[in-house]
Amino acid sequence: MRTEKVAKTGDCYEAAGRAVSQDGDSAALMLGDSAVLVHGIAVGQGQIEGRLFGHAWVEYLQDFGEHKVWFVYDNANGRDLSMPRDLYYVLGQIHDKHQLRYSKEEAHKEMLCSGHFGPWEDELSPEDEWLGA
């Protein structure tokens with residue numbers, strides 16, 4: 001199976017950037033201080049099934065008393081999706097080695113310096129070999 005790259009068509013970088021940077025926003029309040037902005041490579045579903053694309057989302061630590069679980073918040077293209085990070089990574093075929101992580105402060109600095117929401121690094125380029133294609 002050959003995996004094709006997808007041109008940027010969504011608003012994930014802006015949506016995730018805004019969610020992690022707007023302190024008074026309800027999403028930012030839900031995400032809390034643990035929120036981390038992530039830029040990575042995912043494998044598409046639906047109309048872009050099997051195609052690689054750059055994507056952005058926010059990860060945050062959810063405290064369940066004795067248990068703490070990392071969750072993903074994905075608000076791209078009008079969604080309001082929150083699920084355990086492990087499940088999100090399985091569904092999107094996301095690999096740790098193909099992502100860049102930014103603290104709230106780092107993300108804010110990148111947004112100010114670049115004048116946009118990302119991506120800010122060229123080193124995240126989809127490669128067929130990491131998918132086993």
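**Salt bridges, burial and backbone in a predicted model**

Mentor: Being four residues apart in helix 1, R18 and E14 are separated by about one helical turn. The model under discussion is predicted.

Trainee: Why is the meeting of the side chains of R18 and E14 called a salt bridge?

Mentor: The cut-off is 4 Å between a side-chain nitrogen of Lys or Arg and a carboxyl oxygen of Asp or Glu. For R18 and E14 the N to O value is 2.9 Å; because that value falls within 4 Å, the pair is a salt bridge.

Trainee: Why is R18 called partly exposed?

Mentor: The class lies between buried, under 20%, and exposed, over 50%. R18 has a relative accessible area of 35%, and E14 likewise has 35%. Both are therefore partly exposed.

Trainee: What makes helix 1 largely enclosed by the rest of the structure?

Mentor: Seven of its ten residues are buried, and the conclusion follows from that count. The buried residues of helix 1 are C12, Y13, A15, A16, G17, A19 and V20.

Trainee: How many salt bridges does the structure hold, and which residues are linked in a network of them?

Mentor: The structure holds four salt bridges. The network links E59, R85 and R101. E59 forms a salt bridge with R85, with the closest N and O atoms 3.0 Å apart. E59 lies in strand 2 (residues 52-64) and R85 in helix 3, so this pair ties together parts that are 26 residues apart in sequence. The side chain of E59 also meets that of R101 in a salt bridge, at 2.5 Å from N to O. R101 lies in strand 5, so the pair of R101 and E59 ties together parts that are 42 residues apart in sequence.

Trainee: How do you know that E59 is buried?

Mentor: The relative accessible area of E59 is 0%. As buried means under 20%, E59 is therefore buried. R101, at 37%, is partly exposed.

Trainee: What makes the link between Q99 and R101 a polar contact?

Mentor: The side chains of Q99 and R101 make this contact at 2.7 Å, and the limit for such a pair of N or O atoms is 3.5 Å. The side chain of Q99 is also joined to that of Y89 by a polar contact of 3.1 Å. Q99 is found in strand 5 (residues 99-103). At 10% relative accessibility, Q99 is below the 20% cut-off and therefore counts as buried.

Trainee: Why is A35 called buried, and with which residues is A35 in contact, leaving aside its neighbours within four places in sequence?

Mentor: A35 has a relative accessible area of 4%; that is under 20%, so A35 is buried. A35 lies in the loop between helix 2 (26-31) and strand 1. Leaving aside those neighbours, A35 is in contact with V20, V58, E59, Y60 and K104. The C-alpha atoms of A35 and E59, 24 residues apart along the chain, are separated by 5.5 Å.

Trainee: Which residues of helix 4 (residues 104-114) are buried?

Mentor: They are K104, A107 and M111. They cover an arc of only 65 degrees around the axis, which puts them on the same side of helix 4. These buried residues pack against helix 1 (12-21), strand 1 (36-43) and strand 5. The face turned away from the buried side carries the exposed residues E105, K109, L112 and C113.

Trainee: Why is N77 called exposed, and why is Q93 called partly exposed?

Mentor: N77 has a relative accessible area of 54%; this is over 50%, so N77 is exposed. Q93 has 39%, and that value lies between 20% and 50%, so Q93 is partly exposed. Phi of Q93, another residue other than glycine, is also positive, near 50 degrees. Q93 is found in the loop between helix 3 (85-92) and strand 5.

Trainee: Which residues are joined by a cis peptide bond?

Mentor: G118 and P119 are joined by it, with omega about 0 degrees. P119 is found in the loop between helix 4 and helix 5 (128-131).

Notes
Residues numbered from 1 in each chain as written. Predicted model: local features only at pLDDT ≥ 70, side-chain atom pairs only at ≥ 80, totals over all residues. Heavy atoms only, no water. Helix = DSSP H or I, 4+ residues; strand = E, 2+ residues; numbered from the N terminus. Buried < 20%, exposed > 50% of the residue type's maximum accessible area, 1.4 Å probe, protein only. Polar contact = N/O pair within 3.5 Å; in protein donor to acceptor, adjacent residues only side chain to side chain. Arc of directions from axis to C-beta. Contact = heavy atoms within 4.5 Å.
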